[in-house]
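This briefing goes through a single structure topic by topic, beginning with a few individual residues and moving on to cores, helices and sheets. Please keep the sequence and the structure in view while reading.

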Amino acid sequence: MRIPFKSGRAAAALALAASFAAPAEAGPTLEAVRKRGEVVCGVSTGIGGFSIADSSGRWTGLTTDFCRAVSAAVLGDAAKEKFVPLSPQQRFTALQSGEIDMLTTVATWTLTRDASLGLLYGGVYFYDGQGFLVPKSLGLKGALELDGASICTATGTTSELNLADYFRANGKTFKPVVFEAQNEARAAFFSGRCQAFSADMSYLSSVRASDAPNPDEWQILPEMISKEPLGPVVARNDLDWYTAVKWVLMALIEAEEKGITAANVEQMKDSTNPEIRRLLGTAGDMGQRLGLDPGWAYRAIKRVGNYGEIFERNVGPKTPLRMERNSNALWTKGGLMYAMPVR
């Protein structure tokens, strides 16, 4: 007679498997968000295409759309958001103090920020890099021609250090003209106090489109002198909230990979593709594992569209920013956008 194998190791393995199958418990941030009835997101003080308020006070942009996606996923049809504009000097403190639930702004993911501020980045929603905005009248073809030039930038960002690194590495010099805020650096540049303005390409595109006296008289030089991955940031004291935020971002990218849009998401719920069914909550228990209901990803996509729709609507070639997908294209199209498997 064959006796079933039972050992402490086997029992432990079964217990571990059972723990993975158990639904996630909602962490304190998600509980607070549900009790409050809104997600509080810290945003930039005004960057066209990313986070900017119109005359009626409505915020639009790629990063504010991500906040809306998270709100739809965790709060359902009654989703609401509160946007808190923050300067570079204020943004991390606001998150550390609990003033906001999530930072959805153009904050670069770096080792120092990741390791020493008590924060977690929930992925990358925009691959950026630092560049230079200059008057076309200078006739420049590249950044190294700025040797000895005065360059405006803002403190409290990664831009100041990147400039020093770039010019030192290339045996060139520059004269830094540093301001406390980006809008001060921008104003100084357009008033002629410096020959170039250096910041993330996303910000420079916004500035040229919305603040330049005549956009066609200004150019962004081709060099990208740094890597500036931008993504949502949450406090490290709540891994459940971090996990939910991270997977909302993955869901938006996965939706683009699978051809799911805001317009067809309802019809796609009837798909026979098992990956689509898991994502949209018609099969499996993905929402339960996140402490959410089955329709979490469906609602996020229905409200703001997939990642590609968000990009094209806010910063794409047909917008004033005229940005190409480049690194922000899907991995299947030569870019870096890649969703982890929803399974």
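In this predicted model, Gly-259 sits in the loop that connects helix 9 with helix 10 (265-268). Gly-259 is partly exposed, because its relative accessible area is 36%, a value that lies between the limits of under 20% for buried and over 50% for exposed. Beyond its neighbours within four places in sequence, Gly-259 is in contact with Asn-264 and Met-268, while its C-alpha atom is separated by 39 Å from that of Gly-156, a residue 103 places away along the chain.

- Glu-256 belongs to helix 9, and it counts as buried because its relative accessible area is 16%, where the cut-off is under 20%.
- When neighbours within four places in sequence are left aside, the contacts of Glu-256 are Asn-306, Tyr-307, Gly-308, Arg-325 and Leu-330.
- Thr-105 is placed in the loop between strand 5 and helix 5 (111-116), and with a relative accessible area of 4% this residue is also buried.

**Nonpolar cores**

- The largest nonpolar core holds 79 residues, and those with the most contacts inside it are Val-74, Phe-126, Phe-197, Trp-241 and Trp-296.
- Helix 9 (residues 239-257) supplies the largest share of this core, namely 11 residues.
- Apart from neighbours within four places in sequence, Trp-241 is in contact with Thr-29, Leu-30, Val-33, Val-39, Val-70, Val-74, Asp-101, Met-102 and Val-234.

**Packing of helix 3 against helix 13**

- Two packed helices are described by the angle between their axes and by the distance between those axes.
- Helix 3 (residues 62-75) packs with helix 13 (residues 296-304) at an angle of about 145°, and their axes are 7 Å apart.
- The crossing of these two helices, helix 3 and helix 13, is right-handed.
- On the side of helix 3 the contact is made by Asp-65, Arg-68, Ala-69, Ser-71, Ala-72 and Ala-73, and on the side of helix 13 by Trp-296, Arg-299, Ala-300, Arg-303 and Val-304.
- By residue class, the contact of helix 3 with helix 13 divides into six nonpolar residues, one polar residue and four charged residues.

**Strand 1 and its partners**

- Six of the six residues of strand 1 (residues 39-44) are buried, so that the strand is mostly covered.
- Strand 1 pairs in the parallel sense with strand 4 (residues 81-86) over six bridges, and within this pairing Gly-42 stands opposite Val-84.
- Strand 1 also pairs in the parallel sense with strand 5 (residues 102-103), here over two bridges, and in that pairing Gly-42 stands opposite Leu-103.

- Five strands form an open sheet with the order 10-9-11-8-12 and mixed pairing.
- Strand 10 and strand 12 stand at the edges, and because each has a single partner strand, one side of each is left without a neighbour in the sheet.
- From one strand to the next, the twist of this sheet averages 30°.
- Strand 8 and strand 11 run antiparallel and are joined by four bridges, with Gln-130 standing opposite Asp-200 in strand 11.

**Helices 7 and 8**

- Helix 8 lies across strand 8, strand 11 and strand 12, and it runs at about 125° to strand 11.
- In helix 7 (residues 182-190) the buried residues are Gln-182, Ala-185, Arg-186, Ala-188, Phe-189 and Phe-190.
- The cover over these buried residues of helix 7 includes strand 8 (130-135), strand 9 (150-154), strand 10 (175-179), strand 11 (196-200) and strand 12 (218-220), together with helix 8 (201-210).
- After helix 7 comes Gly-192, a residue whose phi is positive, near 95°.

Key. Residues are numbered from 1 along each chain as its sequence is written. This is a predicted model: local features need pLDDT of at least 70, side-chain atom pairs count only at pLDDT 80 or more; totals for chains, interfaces and linings use all residues. Side-chain values use heavy atoms; hydrogens and water are left out. A nonpolar core is a set of buried Ala, Val, Leu, Ile, Met, Phe, Trp, Tyr and Cys residues joined through side-chain atoms within 4.5 Å. Buried means under 20% relative accessible area, exposed over 50%, partly exposed in between (1.4 Å probe, protein chains only). Contact means heavy atoms within 4.5 Å. Axes are lines fitted to C-alpha atoms, for helices over the stretch in contact, and angles run from 0 to 180 degrees between N-to-C directions. A crossing is left-handed if the near helix is turned anticlockwise from the far one by less than a right angle, and right-handed if clockwise. Ala, Val, Leu, Ile, Met, Phe, Trp, Tyr, Cys and Pro count as nonpolar, Asp, Glu, Lys and Arg as charged, and the others, Gly among them, as polar. Two strands pair if DSSP finds at least two bridges between them.
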